Amino acid sequence: MFKLYSLLTFSLLLGTATLAIANPGKPSSKFYEVRIYYPTPGKYAEIVDRFRQYTTKIFEKHGMENIGYWTPTDTARKELIYILAYPSREARDASWKAFSSDPEWKAVVAKTEANGKLVDHVDQIFMTESDISPEVKTGAKSPARTFELRTYTPAPDKLPALLSRFRDHTIKLFSNHGMTHIGYWTTQEKDGGQPKLVYILAHPSEAEGKAHFDEFRKDPVWVKVKEESEKNGPLTTKVESVYMKPTDYSPIK
């Protein structure tokens, strides 16, 4: 009897936890920005260090919220990937204007770029939190985790169906296969085109993350869900994945 009671209790708790992830509630009104920095040749360490010593602090001074800073696990990819949050798009623009004209920042640039520019170019992705997202929380976990940034380009007019599949099935299956949800966002495209789905997962390691995805793809429940949801064609045209490790100064670790 005790074993049966314990099993039922555990099942109820598991169901409640899954429900909480599947139905996270009203999304945050924050405006998010992914920024990917591509350093000039030979300046990778310097740009990563400049953020450590100066940039993140000056961001905070101007009302920008540091969410996370990562570098790809593939060391051939010389990139710094980070996410900032703002109260709104208007607040974002005002913060960057103030940051760019800040004498403190100008002095940092003069000091760190005395021997040449550190950044070749920057990619930007503007996003808002999706209603399928859990609350995006900063903080470190032990042991250290590996993160995965995934970007889905939906097939034409398929974003609602893709989000519904995540809401009803995918997120719960990810949890079942040991993946930790960090955040889910939809992009704001410059040309006004269909948004993309961007999300971040955490894994114990890159190898375990890939193993969990292999298990997920073979899961009979997922195979059935995918087949039924794509009777009228695939929901995505492109899926991109980048495994990342947090910098020592990343608020999310």
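## Terms and model

A residue is called buried here when its relative accessible area is under 20%, and exposed when that area is over 50%. The structure described below is a predicted model.

## Helix α3

By that cut-off, the buried residues of helix α3 include R92, S95, W96 and F99. Seen down the axis of α3, its buried residues fall within an arc of 95°, so they line one face of the helix. On the face turned away from this buried side, α3 carries the exposed residues E90 and K97. The cover over the buried residues of α3 includes the strands β1, β3 and β4, together with α2 (44–61) and α4 (103–112).

The length of the helix can also be checked: α3 comprises the 12 residues 89–100, which at 1.5 Å a residue should span 16 Å, and because its end C-alpha atoms are 17 Å apart, the model agrees with that expectation.

Where does β1 find its partners? Seven bridges join β1 to strand β3 (residues 80–86) in an antiparallel arrangement, and within this pairing E33 stands opposite L84. Nine bridges join β1 to strand β4 (residues 119–129), again running antiparallel, and here I36 stands opposite D123.

Conventions
Residues are numbered from 1 along each chain as its sequence is written. This is a predicted model: local features need pLDDT of at least 70, side-chain atom pairs count only at pLDDT 80 or more; totals for chains, interfaces and linings use all residues. Side-chain values use heavy atoms; hydrogens and water are left out. Two strands pair if DSSP finds at least two bridges between them. Helices (H or I, at least four residues) and strands (E, at least two) are DSSP runs, numbered from the N terminus. The expected span of a helix is 1.5 Å times one less than its number of residues. Buried means under 20% relative accessible area, exposed over 50%, partly exposed in between (1.4 Å probe, protein chains only). The arc is that of the directions from the helix axis to the C-beta atoms. Contact means heavy atoms within 4.5 Å.
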